[in-house]
There are 2 protein chains.
Amino acid sequence: MKKIYEAIKRERAYKHAMSLLSWDLETAATKDSIEGISETMGVLAELQYLNFINDEFKKELYSLDIDKLNEIEKKIVKVIKEEKFEKLSKIPVEEFSKFEALISKASSAWEIAKKENRYELFKDYLKEIFETTKKFIKYRGYKGHPYSVLLDDFEKGLDVETCDKFFDEIRKELVPFALKVLKKNNSKIEKIKNKLKEIPVEKQKLMSNSLIKLVDFNRDRGYLAESEHPFTTFFNNKDVRFTTHYYKDDILSNIYSVIHELGHAIYEQQVDDEFDKTTILAGGSTMGMHEAQSRFYENLIGKNKAFMKSLSKRIKELYEIDLSEEELYLLVNEVKRQFIRIEADELTYPIHVMIRYEIEKEIFENLDTEVDVDKLPDKWNDLYEKYLGIRPNTYSLGILQDSHWSGAAIGYFPAYAIGSAYASQIYAAMNKNFDVESAIREENIKEINKFLKEKIHRYGFSKEPKELLQLACKEDFNPTYYINYLKNKFLEIYGGLDE
Amino acid sequence: MKKIYEAIKRERAYKHAMSLLSWDLETAATKDSIEGISETMGVLAELQYLNFINDEFKKELYSLDIDKLNEIEKKIVKVIKEEKFEKLSKIPVEEFSKFEALISKASSAWEIAKKENRYELFKDYLKEIFETTKKFIKYRGYKGHPYSVLLDDFEKGLDVETCDKFFDEIRKELVPFALKVLKKNNSKIEKIKNKLKEIPVEKQKLMSNSLIKLVDFNRDRGYLAESEHPFTTFFNNKDVRFTTHYYKDDILSNIYSVIHELGHAIYEQQVDDEFDKTTILAGGSTMGMHEAQSRFYENLIGKNKAFMKSLSKRIKELYEIDLSEEELYLLVNEVKRQFIRIEADELTYPIHVMIRYEIEKEIFENLDTEVDVDKLPDKWNDLYEKYLGIRPNTYSLGILQDSHWSGAAIGYFPAYAIGSAYASQIYAAMNKNFDVESAIREENIKEINKFLKEKIHRYGFSKEPKELLQLACKEDFNPTYYINYLKNKFLEIYGGLDE
């Protein structure tokens, strides 16, 4: 295992450097330094690739006597084989590193395109990203739907069949329900909104700090910065960073971005040193399991009725806005006709995700059909009209809203909805251990962190979602909790829907 | 040359990543992330080392037909041979990377030790750094004084003989002069100081911005942050970052830190793309030439009588402090009995440097004598008493004040004084081309930037100080300009010294 551990040490260093370069690009780097960062990322990505994908290492890896390894070592070897060899070794190194450089440029292009509402600045990059991803799927090989390869990248074991079943349920159960809710006249909420006012960024930063403290994020091991699109990154469990954005005229955007990212960040901070220190098993499990945490904090804690006391108190103290717990609960759970996924209420959220799922699935249906990027904006808008009854009138509100495609994170979106479903299931299990609402009301988030650490967080990348759900919930994935939770919550809030 | 260029591309990526990691450590990283950064730095340093120092590359490098190369390629090959092979290849790679990791930890230890005035937290690191450096000198081999090896690392061609001659002059001409000046009663300056007041950090940041603009630093290609000890770093000529520190009760500290670092930063921004883009010749020339630029901006511009109009106007506008040009000129050129090198006036500055030179020279006199780090604080204090008539009463004001030793930058200090001397010589040459004082008075710093770009900056690392001085001054290094400049300036300010 000596050579394996040496390679892991290098892998960790490359990852650290590359994550820091990305963090720097999003939060600090100068306008003109994009090219330099992209060049360096390209070189490091190539070196990172070659670190595992070389004949000598392959020989070493595949000649190991697995029976002589301990459990962690077995898992390490399995992960390297699956994540590195099976995924990467079939992709020629030049193409891989060219792709990394492309992504870096595409990300910057996307940022400008979104800001200036100019799809034409981004669409060629988008096309190249889609086409290269298709080529890579061909290199890697696939059974069934090619898109399943990408789904599995972000959510181990996930495939088109499972997703189809899950989203069919959303389409059948939630879409008509949500469309009814969206038709309701929310004059009550409009009155509450009239109480809101512009809040300067400096004050909103105090709110961020207060939430960080409330959730018991360890500030010696991480911090908050700003970026266009909020995200979390980590270099190890002792340096976990996340971002938010501030809008003067929207206090909720920052609050829920911070709580969401805190879910990711707490997860990373709570990974056991055993996995974090010297292995490749550092970092959370799949994207879906990661989203389960972020959406647990954002929705199941942050939009829980029991959280309104804490939040209302802070809004009064910091922003001098008087909102009762009931008013706040209505406000943060408003079901809105609006375009932005990350600003979406819990109910319409999986529908936003479903729209992206349908688009991606179709693009990757056939690897030999070229994607017509000129038609994507309309396709996007058509689906919004069909499922949410609204049609974006700018690219920035439509096709350009998410950063994912610019970073080649295709097949990622479904994990958001699946993750939300995990979260509901985990909540139900947690509630069997202690009264979660009481813990929230008493600002005892430590208790929640502790449960999640014990059952999920501490295991880092060493267990798959299936195993973690068994540990936390003692059952397999079951989306019923999610559908029921959403219907019950919003039926209660929006009353009889047929009036 | 293909393989050479490939190695250079990797070298640039490692450098970028490592510089960013250092930047991150100083400006942003969390308290607990030091260990992770240090580990990653160690791994990258080893990879960086192996990138050039391997048999295959060596064979390639030494089998090149030099006559067939163009001028830049010739220079590249020369630099790689000198900077990489001759310096590094004799040091075993494990020792080299262990040393890099040591430096990273030592830097953090120094920071805490300085803050808490606890030399005992740092001295073991210091000893290990000195002893390892000695061992490395042995590996590398040396003629004459072993310390010359280190001097040459930071200032190509510099050796103990040249330094002895230079500092003898300082000791003979400037020390007695400075001691006389220091005895003078500065009641006038005390009155001016009474006009000063505490200025909040936010206002001082506006001053930084104003100076950045005045000096015509390109903000699309760099920015200012904060750190304990101000420094400049660059990833390429399009991403040049520097730091300052803010003290509420000392407005000059920030102002002159910013102007000083701007000298370094302008240098890096003005390196030609030709050298910056794909070669190993990016970045300024030697440390001495770099310091020549920073001290040119700090002293020859920033403490020039002609600059007082600009500065006095800004101090009035931003800080609401009324200081006439004459008052300000006296204030910023006050010759002070004080301990901190980077806060020193121009006159005593080279004496601060000389003290470090004497200590380092003695430590490296004999490579087999172990350094007694317990005695260093007293030695330091004794020299301050001898040359400046003052004795530090804390470690933080004495032996712990500079970051250099914690980063193994030994042999670096003399370049500060040599650089200051270059600066005076360059000023005299510039003055033959245009009236520098007028340019400063008219805030036409562009004109100065332009001259320095043409004669020095644009060449990056492709020319040595000797060549650059010839280009700029049409003569070899001549410290007389410096000694005369200092004596004349401070004689004028402090009047007849014998009264």
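Let me start with the interface, where 33 residues of chain B are in contact with 33 residues of chain A, contact here meaning heavy atoms within 4.5 Å. This is a predicted model, in which local features need pLDDT of at least 70 and side-chain atom pairs count only at pLDDT 80 or more, while totals for chains, interfaces and linings use all residues. Side-chain values use heavy atoms, with hydrogens and water left out, residues are numbered from 1 along each chain as its sequence is written, and chains are lettered from A and ligands numbered from 1 in the order in which they are written.

Between them, chain B and chain A bury about 2800 Å², of which 58% lies on carbon and sulfur atoms; buried area is the accessible area, taken with a 1.4 Å probe, that two parts lose on being put together, summed over both. On the chain B side, Thr30(B), Asp32(B) and Asp220(B) lose the most area to chain A, together 18% of what that side buries. Eight salt bridges are counted between the two chains, a salt bridge being a side-chain nitrogen of Lys or Arg within 4 Å of a carboxyl oxygen of Asp or Glu. A salt bridge also joins the side chains of Asp220(A) and Lys31(B), at 3.4 Å from N to O.

Turning to helix packing within chain A, helix H13 (residues 287-301) and helix H18 (residues 413-433) pack at an angle of about 65°, with their axes 7 Å apart. Helices are DSSP runs of H or I, at least four residues, numbered from the N terminus, and axes are lines fitted to C-alpha atoms over the stretch in contact, with angles running from 0 to 180 degrees between N-to-C directions. Among the residues that meet are Phe296(A) in H13(A) and Tyr427(A) in H18(A).

Finally, the axes of helix H10 (residues 201-214) and helix H14 (residues 308-319), also of chain A, come within 10 Å and cross at roughly 150°.

Key: Helices (H or I, at least four residues) and strands (E, at least two) are DSSP runs, numbered from the N terminus.
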